[in-house]
Amino acid sequence: MANDPEEKQPSANSPSEPSGAKPPAAGGEPVSKPPAPPAASAAKPPAAAAPPRPPAPPKEGPVALDNDLVKRYKEKFGPGILEAWVDRKQAILVVARELLGEIALYSRDEEKFDWLSDLTALDWPKREKRFDVVLNMYSFEKNERLRLKAQANADERVPSVQGIWATANWMEREVYDMFGIVFEGHPDLRRILLPDEWQGYPLRKDYDILTQDTAWVRENLGIESGQ
Amino acid sequence: MADERIPFATHAESTVLGADEIILNMGPQHPSTHGVLRVKLRLDGEKVIGSECVIGYLHRGVEKIAEHRTYTQFAPYVDRMDYVAAVSNGLGYCEAVEKLLGAEAPIRARVIRVILTELQRIASHLFWLGTHALDIGALTPLFYCLREREEILKIFEKYCGARLTTHAFRIGGLQYEAYDELEKDVERFCKPFDKRVDEYESLLTENRIWVGRTKGIGILSAAEAIDYGASGPVIRASGVKWDIRKAMPYAAYDQYKFEIPTGKNGDTYDRYIVRLEEMRQSRLICLQAIENIPAGPIMGKVGKVLKPPPGEVYHAIEAPKGELGYYIVSDGTTQPYRVRIRPPSLINLEAFDKMIRGHLVADVVAIIGTLDIVLGEVDR
């Protein structure tokens with residue numbers, strides 16, 4: 001459980017610890033903050049009074065998970081399963097990048113997570129391995145969802161799952177388009193939403209919202225700026 | 001033009017006629033592509049032997065914008081994705097953020113959400129039916145469909161002042177209380193609506209031209225539909241009985257009785273039948289919902305400044321076009337760290353190449369139509 005690296009997660013605190021002792025630090029800073037998110041409910045009696053949430057217990061924020069599902073994965077892949085979390089009642093497995101393909105295949109065939117609902121990525125520029133590739137899977141049989149995450153550096157290739165789910169083809173292209181993550185084994189890794197010649201990867205955190213490929217805009221649109 | 005990089009050229013099939021293959025470009029300004037979809041087709045005579053969709057003409061960087069807005073500010077943007085079903089988009093986003101906050105909208109708000117969302121589903125399917133029939137050559141249904149859709153838009157307008165990009169819901173509940181005659185208006189629309197659906201059916205269901213143009217066209221088997229990640233009416237027409245409203249109920253769907261229509265063959269005709277039946281089921285849900293709209297507050301306790309605790313959530317709803325998923329990551333600040341939107345249109349469109357191969361050029365418009373794509377959502 002090297003939960004620290006992963007936990008770079010949302011910027012500040014490390015949610016790390018299981019148990020209800022959710023990091024109140026999370027909302028941390030603001031004593032003054034009014035928001036009623038039940039996280040604060042302990043401190044705020046009125047929150048409980050409202051119709052919404054009576055069940056205050058351990059909620060927000062990731063908590064370590066260790067159920068049968070995780071045990072089966074760990075049995076099968078051992079150290080390939082780096083961490084297991086549950087966040088907002090949703091299970092998350094952080095897996096070794098090199099094993100992503102195998103683990104995805106196992107998930108589809110053995111664990112029956114046969115439908116890939118989404119594949120995307122996250123950028124944590126300050127982290128050692130800045131990208132998370134995120135797979136959201138669904139099982140018709142169990143009616144459950146499971147999320148896989150694999151971490152990668154900007155220069156590391158991530159195994160493609162396109163051969164496991166045909167739908168991953170465009171999703172991986174989009175991730176490549178937006179983050180510049182290269183998928184090993186993808187048959188046709190090109191930009192999908194942006195023009196092929198575009199420079200830069202817009203959803204990276206160091207790509208400012210006003211940034212654009214000025215040269216492309218000038219050449220193809222004949223204007224100085226698209227803004 | 002021929003040697004332009006066209007990956008589908010890897011699909012080697014000798015031409016039956018021994019003639020050269022033709023690359024045909026369709027769109028992005030073709031009326032039957034429902035927006036700005038461009039399709040490159042590889043043809044052998046009139047047979048399509050390969051295709052490639054070129055998308056992105058309507059890309060606005062919605063996911064990037066989300067990272068620079070607060071949770072509340074971003075809500076109106078989602079209406080601009082699937083702009084013929086804005087209410088559904090809003091529902092998905094609001095519920096996802098509520099989940100992230102650990103909050104829940106009060107029951108009255110959730111019931112009103114169900115009513116409006118189901119009306120939206122009907123409106124979206126009506127618009128689909130009208131334009132799809134128009135593409136295939138049946139002009140008349142469009143007028144009837146738009147007539148009924150207009151009634152729904154009027155209800156939206158009375159409720160929140162907008163017809164299309166409604167921004168009807170707020171994170172934590174609703175901004176507006178239901179207006180006085182909401183139930184009456186919904187009832188007035190829904191009561192005769194199944195007769196209207198019968199009318200559409202009388203125009204199309206047994207129409208020989210319609211049947212000829214849709215039966216056996218664009219077949220997607222259940223296994224293929226799963227492989228391609230299809231959802232909504234597309235996967236149901238292939239025989240997979242799966243609807244998120246039943247599988248993982250959200251809003252107040254667990255309170256209502258309705259059926260999940262499915263097809264057998266997964267062809268264009270079955271998708272048509274499934275969507276028509278879905279309209280009838282949505283009507284039933286609306287009628288059940290207006291029976292009893294619980295009293296109470298319409299806004300939950302979420303505070304003015306939304307600061308979800310760090311963490312992440314994936315929340316999906318059954319939008320008219322399929323699974324609309326929001327994957328939101330919070331870093332504990334007032335702005336989302338990342339919002340990923342899983343648009344059903346985009347993923348359903350991915351199966352287009354699979355469905356079109358072996359069919360004729362004229363079937364391209366039928367298959368684009370049957371997928372029910374909205375480019376605002378495909379490109380975001």
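Among the contacts in chain A between residues at least 6 apart in sequence, 42% join residues that are at least 24 apart. The model in which these contacts were counted is a predicted one. Buried residues account for 40% of the 227 residues in chain A, and the secondary structure of this chain comes to six helices and eight strands. Read from the N terminus on, these elements follow one another in the order α-α-β-α-β-β-α-β-β-β-β-α-β-α.

The domain assignment of chain A gives two parts, domain 1 (63-189) and domain 2 (194-227). The centres of these two domains of chain A, taken over C-alpha atoms, are separated by 30 Å, and the contact between them takes six residues from domain 1 and seven residues from domain 2. On the side of domain 1 of chain A that touches domain 2 of chain A, the largest share, three residues, comes from helix α5 (residues 168-179) of chain A.

Helix α4 of chain A, which spans residues 100-109, shows how buried residues can be arranged around a helix axis. Leu100(A), Ile103(A), Ala104(A), Ser107(A) and Arg108(A) are buried in this helix. Because these residues cover an arc of only 135° around the axis, they lie on the same side of α4(A). What covers the buried residues of α4(A) includes α3 (68-77), β3, β5, β6 and β7 (158-159) of chain A.

Two loops of chain A deserve a separate look for their backbone angles. Most residues other than glycine have a negative phi. Arg88(A), however, has a positive phi of about 50° although it is not a glycine, and its place is in the loop between β2 (81-87) and β3 (90-95) of chain A. Asn143(A), likewise a residue other than glycine, has a positive phi near 55°, and it is found in the loop between β5 (131-139) and β6 (144-152) of chain A. Which of the two surroundings is buried and which is exposed? Arg88(A) is buried because 22 other C-beta atoms lie within 10 Å, where 20 or more are required. Asn143(A), by contrast, has 11 C-beta neighbours inside 10 Å and therefore counts as exposed, the limit for that class being 12 or fewer.

In chain B, the domain assignment gives domain 1 (7-54) and domain 2 (62-379). The C-alpha centres of these two domains of chain B lie 30 Å apart, and 17 residues of domain 1 of chain B are in contact with 18 residues of domain 2 of chain B. On the side of domain 1 of chain B that touches domain 2 of chain B, the elements that give two or more residues are β2 and β3 of chain B, and β3(B) gives the most, with six residues. The residues of that side of domain 1 of chain B divide into nine nonpolar, six polar and two charged.

The strands β2(B) and β3(B) also belong to a sheet. Three strands of chain B form an open sheet in the order β1-β2-β3, with antiparallel pairing. Its edge strands are β1 (22-26) and β3 (47-54) of chain B, each of which pairs on one side only, and the twist from one strand to the next averages 20°. Five bridges join β1(B) to the antiparallel strand β2 (residues 38-44) of chain B, and the bridge partner of Met26(B) in β2(B) is Val39(B). Helix α15 (residues 361-371) of chain B lies across β1, β2 and β3 of chain B, and it runs at about 145° to β2(B).

Further along chain B, strand β7 (residues 322-330) is mostly covered, with nine of its nine residues buried. Strand β6 (residues 311-319) of chain B pairs with β7(B) in the antiparallel sense over nine bridges, and a hairpin joins these two strands through two residues. Within this pairing, Gly311(B) stands opposite Ser330(B) in β7(B). Strand β7(B) is also joined by six bridges to strand β8 (residues 336-342) of chain B, in an antiparallel arrangement, where Ser330(B) stands opposite Pro336(B) in β8(B). The hairpin of β7(B) and β8(B) has five residues between the strands, and in it Gly332(B) takes a positive phi near 85°.

Notes
Residues numbered from 1 in each chain as written. Chains lettered and ligands numbered in written order. Predicted model: local features only at pLDDT ≥ 70, side-chain atom pairs only at ≥ 80, totals over all residues. Helix = DSSP H or I, 4+ residues; strand = E, 2+ residues; numbered from the N terminus. Pairing = 2+ DSSP bridges. Arc of directions from axis to C-beta. Contact = placed C-beta atoms within 7 Å. Axes fitted to C-alpha atoms, helices over the stretch in contact; angles between N-to-C directions. Domains from an automatic or database assignment. Nonpolar A, V, L, I, M, F, W, Y, C, P; charged D, E, K, R; others polar.
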